[in-house]
Amino acid sequence: MGPDGSGMRHSRPPHSRGARVVPRTNAARSLWSNRRLSSSTSAPDMPAQLARAARRKRALRFALGLGPLRATLALTLAATTLALGLALVVRALAGDMPPLPTLALALVGVAIVTPLVAWPLLQLLVDLEARRAHLDILATRDELTGTHNRRQFLVLADREWARCRRYDMAAAMLMIDVDHFKQINDRHGHLAGDLMLRTIARAIGDTLRQPDLLGRYGGEEFVVFLPHADPLGALDAAERIRDCVAQLSLEWKSQVVRATVSVGVATLDNSHDSLAGLIYDADQALNAAKDAGRNCVRTLPPPAWHRGENLPIVSR
């Protein structure tokens, strides 16, 4: 059985089998797009590739075990030994040689041998850096959508929230929920649902500014932190997101799949003594948007003193 229950196995990812997003955007492709194995890799080459990979791992563990100082000393000793050995072999074959040509030959040998010894170590360092960067992506990015995962978003948003509180700057939080997302999974399959989530994440990202933070909060919920956004600016950003998602259409197996989102908006004020309080208010506003019929934007009513009610009495 195939993943879509059609009884056929598909060798290509869904977006290459005719799935198309309208309208198209100029956003960069996700780091987590599906990739096919290269057809140039044949089966007989696999054991050799696995053996080379195992040797590289053993060499990497050995180099890391030595440490920087001992690895440098080992490299210097190996290059010097090989160069002197080469000079002695050449001198023995050529007979007696003056000291100056012997020294010059040793220096040439060092110049030749050192890159040969250093090149594998440099390859190991490059491989180690690539692995570290990949682990950083796995630790901070959502695997499906490529946005910040929940943990990384909270870390970055808490830093921005503290800065906004310290310098008395405006900020806002948006909670975004895909309306009736379970119906998309039940009607078109989970692969269509995954593609819809990736499409919505790209659409949201296209509407945001460079300093804004976007993360996947969980399931079909996204969260956005807007630094330097007053209440009207936050509502305008939320409405742009809602309208952009409503205009999307995903062609999936000769069917058009559409989705809408509900958005809750909370703006930073003195009552928010933590980031959790701001997220809570945005979540309450999201519930209000769902109760209002979904596919809309809602925000909590401002405090009484913001509306001009119950103003404090100032005695002179």
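Buried denotes under 20% relative accessible area, exposed over 50%, and partly exposed the range in between (1.4 Å probe, protein chains only). The model is predicted: local features need pLDDT of at least 70, side-chain atom pairs count only at pLDDT 80 or more, and totals for chains, interfaces and linings use all residues. Residues are numbered from 1 along each chain as its sequence is written, and side-chain values use heavy atoms, leaving out hydrogens and water.

**View 1. Salt bridge between Arg294 and Asp179.** A salt bridge places a side-chain nitrogen of Lys or Arg within 4 Å of a carboxyl oxygen of Asp or Glu. The closest N and O atoms of Arg294 and Asp179 are 4.0 Å apart. Arg294 lies in the loop between H7 and strand S8 (297-299) and Asp179 in the loop between S2 and helix H4 (181-188), so the pair ties together parts 115 residues apart in sequence. Helices (H or I, at least four residues) and strands (E, at least two) are DSSP runs, numbered from the N terminus. Arg294 is partly exposed at 28% relative accessibility, whereas Asp179 is buried at 5%.

**View 2. Salt bridge between Lys290 and Asp177.** Here the closest N and O atoms are 3.6 Å apart. Lys290 belongs to helix H7 (residues 275-291) and Asp177 to strand S2 (residues 171-178), so the contact ties together parts 113 residues apart in sequence. Asp177 is buried, with a relative accessible area of 4%.

**View 3. Salt-bridge network of Glu129, Arg132 and Asp136.** Between Arg132 and Asp136, the closest N and O atoms are 2.5 Å apart. Both residues lie in helix H2 (residues 99-140), four residues apart, about one turn of the helix.
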